[in-house]
Amino acid sequence: ENDMLDVTQPLTVKYYNDATTGFIIVRAFHTLVALLVALFVFLFSIQVILFLWIGLAIDSGLTSAQDLSFERICLFLGTICSIPYFVYGTAEIMTNATSFAIDAWSGHMFLKTFLHSNRVVVSWVSMIVYVLVPIMAMSCSLLAGSTTWWDNSLFAWFIAVFLYFIVYHVGSIYYEVIGCLEIVHYHPVTLQDKRFESDKICSMANALQCWYLIASHNLSGLAHVKYITINEHPVALEETYEYSSNQDLFSSSIGLYSKFTLFLSKYGLFKKPLAPERMYSTNETTDVTPIINRVTWSLENIYCRNQFATHLAI
């Protein structure tokens, strides 16, 4: 007789929420403070971008009657080149600030997994940051006879939570960098390219390989392909250019920059591949295809959708 458990029997799991009112109040309190820090980060980022555009107008000479000089032109070009870095940097820190507030509601689960830290230690640190720091600052100010005890406690409280957010932000960037280096280390291009061969994931060779792949992706010419398949939904990672070219309503178009790269390939500045290499989106690599049916269909969804993404119409 087989004494093993019959896996064909359904397993019923009941979700039970044992959160009390006090627990919800504490989590809401932590989330509210984290949202205040996120709001400060958001305002700081907006001010940086605004001052950047104001500096762009000043360096261009629009706010004064002074003649353009070489120094002013260099400042103007430097300001223009710094705009993408400031925009991407502030967007990253604002995204992490929002995630920090969400993580505060879930009990700082990310910080509890950061560098395999002790969950008990993280819980105690959270209590110190959110509760003990403002209480100690308020008590010390009252014992010292300060008339600004309320301002001192709020200032100490904000600094403590902001430093907690900095730890969260550094941890997020750390995992992003490590994940990128790990993906590149095991990438087929890295395994074939001996110029950046390395036995370690965190190495300068992998960093150079990341730069090489990013530069190749950004500088290469692209051809946008559209086609329709009926009664068939192939796996996105298995589709090739030859497969798509044989489908109904196939169309391919390239931009001016792509035509320019094709022209430069005749002089050896660019290398034209024998067969086009497909660039996969995030949804395609994770095998997630947006489904359009009578429930999800809408006029704005049709006209505002990504024209170069795969959709499944039912």
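Rings of Phe, Tyr and Trp (its six-membered ring) form a pair if their centres lie within 6.5 Å; planes under 30 degrees apart are stacked, over 60 edge-to-face, and the rest tilted.

**Ground rules.** I am working on a predicted model, where local features need pLDDT of at least 70, side-chain atom pairs need 80 or more, and totals for chains, interfaces and linings use all residues. Residues are numbered from 1 along each chain as its sequence is written, and side-chain values use heavy atoms, without hydrogens and water.

**Entry 1: aromatic pairs.** I looked up the ring pairs and found 13 aromatic pairs in the structure. I checked F110 and Y175: their ring centres are 5.8 Å apart and their planes stand at 75°, so this pair is edge-to-face. The pair links distant parts of the chain, with F110 in helix α3 and Y175 in helix α5, 65 residues apart. For the helices I note that they are DSSP runs of H or I with at least four residues, numbered from the N terminus.

How accessible are the two residues? I use these cut-offs: buried is under 20% relative accessible area, exposed is over 50%, and partly exposed lies in between (1.4 Å probe, protein chains only). F110 has 23% and counts as partly exposed. Y175 has 33% and is partly exposed.

Next I took W149 and W150, an edge-to-face pair with 5.9 Å from centre to centre and 80° between the planes. W149 is partly exposed at 30%. W150 is partly exposed at 48%.

I also traced a cluster linked by ring pairs; its members include F40, F100, F110, Y130 and Y175.

**Entry 2: helix α2.** I followed α2 through residues 70-105, which makes 36 residues. From first C-alpha to last, α2 reaches 53 Å, close to the expected 52 Å. The expected span is 1.5 Å times one less than the number of residues.

Where does α2 bend? I found a bend of about 35° at S82, with a proline, P84, following within four residues. The bend is the angle between axes fitted to the seven residues ending there and the seven starting there.

Buried residues of α2 include S82, I83, F100 and A101. The buried residues pack against α1, α3, α4 and α5, where contact means heavy atoms within 4.5 Å. After α2 comes G107, with a positive phi near 85°.

**Entry 3: cysteines.** How many disulfides are there, counting pairs of cysteine sulfur atoms within 2.5 Å? I count zero disulfides. The sulfur of C180 is 3.7 Å from its closest cysteine sulfur, in C210, so the two are too far apart for a bond. C180 is partly exposed at 34%. C81, at 52%, counts as exposed.

How values were computed: Helix = DSSP H or I, 4+ residues; strand = E, 2+ residues; numbered from the N terminus. Disulfide = S-S within 2.5 Å.
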